[in-house]
Amino acid sequence: MAENPLGLDLASAAAALRAADALLITAGAGMGVDSGLPDFRGPQGFWRAYPALARLGLRFEEVAQPGWFRRAPQLGWAFYGHRMNLYRATTPHAGFGQLLALGRSKPLGYFVFTSNVDGHFQKAGFDPERIVECHGSLNHLQCCEPCGEEIWDATGVVVTVNEETFQAQPPLPKCARCHGLARPNVLMFGDATWNPQRSQAQEARLHHWLARLKEGQSKVAIVELGAGTTVPSVRFFSEGAVRDLDAKLIRINPREAEVPPGEIGLPLSAAEGLRQLCQSLKLDQVRADGHPLAADVSRRQTLRLQLGQAMRGSRQGIKDSGNSPRGEWGAVDQRRLTSAATRERTVMAQSPMAPCFESCATSLESTAALSKVPPP
Ligand SMILES: NC(=O)c1ccc[n+]([C@@H]2O[C@H](COP(=O)([O-])OP(=O)(O)OC[C@H]3O[C@@H](n4cnc5c(N)ncnc54)[C@H](O)[C@@H]3O)[C@@H](O)[C@H]2O)c1
Ligand SMILES: [Zn+2]
């Protein structure tokens, strides 16, 4: 192809993606750069994004600490409130949609593992049940104290930041249970008070999916985007999955594209790498040719509705019987969800898309297996 002056290994990457039954997407801060978000490359990169913190001489590792919420809550919330507002105002770049189409085209589906806290995979339409946010999410809050309150959604929470003084203006977000200060449900440096429950539930779903892939000796491709070496959680995860699943890794990163022997490194930005890969894969053509993508998507939507109904039904049942819902949702939902999964298996056994529905049923079962179902 004329458009490959760097002699990139696009053909091998496209072949690995074409051959895969399942797609594992892993992403670090670089994935957001083409949407216009800063990554935090070293103190200079960080201070370019946050000149007010350069004036205070605070590096990323120093400002991203839970202690600020106690010592100087307006500064703690200035940093996270600014990021919350920025992530809300930013639209994920086109590569997200291309990745989603690719993931949906795989018979065993996709999963996302990201250290980003911006919620952009959800914003771009990825199934929230198929995302792990290993460092938490800025779209969710928790209490600064372990008062017993669960993690809650930050939709509608407004934080106003004075960019001159780099102070968040009161009132700051509060915990509904103890009325103390709230903080983002994001893992910070030296963070003993982070509530990991939401991320752990996401990880349980991922591990269930990975175990099924391993059991079935499925072909897995990993596309890793913008994951750096400074906080290497995502790179380690990708490389571990290569060994564990005998998967193929395609690492897209303009500056840190080195890979273990036998894997593929593409020194491109995330948006450009995905654009070139999709061009090699002729992804649009595959979809226009009548791949049963739409049927799959609508089936999955029906499944999600059933899941919601099962949850609501079980809560209503508990209310009607006069029992306290807390602690009992798990058991009731588990029964209903497991039976929904069994029904799915029976109904869909004859379908040519059986593997897709198998993975839907599996995700129903893994949801059922989680002991806690979040309130509506
Ligand atoms: N949007 C977010 O949620 C966000 C933003 C910044 C940092 N963080 C988090 O903070 C931690 C440290 O951040 P960090 O900046 O050191 O992250 P990092 O260590 O993941 O480094 C960023 C990586 O992205 C690469 N990169 C730069 N531009 C790119 C592009 N256009 N396309 C693809 N890759 C590109 C860089 O070469 C580097 O390897 C991580 O956990 C990260 O996820 C999150
Ligand atoms: Zn509280």
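Me: In which strand does V132 lie?

Reply: This is a predicted model, and in it V132 belongs to strand β3, which covers residues 131-133.

Me: Is V132 buried or exposed?

Reply: The general idea is to count surrounding C-beta atoms, and a residue with 20 or more others within 10 Å is called buried. V132 is buried because it has 21 C-beta neighbours inside 10 Å.

Me: Which residues beyond its neighbours within four places in sequence does V132 contact?

Reply: V132 is in contact with V112, F113, S199, Q202, E203 and L206.

Me: Over how many bridges do β10 and β11 pair?

Reply: Strand β10, residues 248-252, pairs with β11 over three bridges in the parallel sense. One bridge joins R251 to G265 in β11.

Me: Which residues of α9 are buried, and which are exposed?

Reply: An α-helix has 3.6 residues a turn, so residues three or four places apart point the same way. In α9, the buried residues are S199, Q202, R205, L206, W209, L210 and L213. They lie on the same side of α9 because they cover an arc of only 135 degrees around the axis. Q200, A211 and E215 are exposed on the other side of α9.

Me: What is the span of α9 from its first C-alpha to its last, and what follows just after the helix?

Reply: With 19 residues, α9 reaches 27 Å between those atoms, close to the 27 Å expected at 1.5 Å a residue. Just after α9, Q217 takes a positive phi of about 50 degrees.

Me: What is the order of strands in the sheet that has antiparallel pairing?

Reply: That open sheet has three strands in the order β5-β4-β8. Its edge strands, β5 (152-153) and β8 (182-186), each pair on one side only. Strand β4, residues 136-143, pairs with β8 over five bridges in the antiparallel sense, and the bridge partner of S137 in β8 is N185.

Me: Where does L8 lie, and why does it count as buried?

Reply: L8 is in the segment before α1 (10-19). It counts as buried because 20 other C-beta atoms lie within 10 Å. L8 and L268 are 260 residues apart in sequence, yet their C-alpha atoms are 9.4 Å apart in space.

Me: What is the average pLDDT of the protein, and where does pLDDT stay under 50?

Reply: The average is 84, and 73% of the residues score at least 70. Over residues 284-299 the pLDDT stays under 50, and the model has 14 contacts beyond four places in sequence for them. Residues 321-332 also have a pLDDT below 50, with 15 contacts in the model beyond near neighbours in sequence.

Definitions and conventions. Residues are numbered from 1 along each chain as its sequence is written. Chains are lettered from A and ligands numbered from 1 in the order in which they are written. This is a predicted model: local features need pLDDT of at least 70, side-chain atom pairs count only at pLDDT 80 or more; totals for chains, interfaces and linings use all residues. Helices (H or I, at least four residues) and strands (E, at least two) are DSSP runs, numbered from the N terminus. A residue is buried if 20 or more other C-beta atoms lie within 10 Å of its own, exposed if 12 or fewer, and partly exposed in between; C-beta atoms are placed from the backbone. Two residues are in contact if their C-beta atoms, placed from the backbone, lie within 7 Å. Two strands pair if DSSP finds at least two bridges between them. The expected span of a helix is 1.5 Å times one less than its number of residues. The arc is that of the directions from the helix axis to the C-beta atoms. pLDDT is the predictor's confidence in each residue, from 0 to 100.
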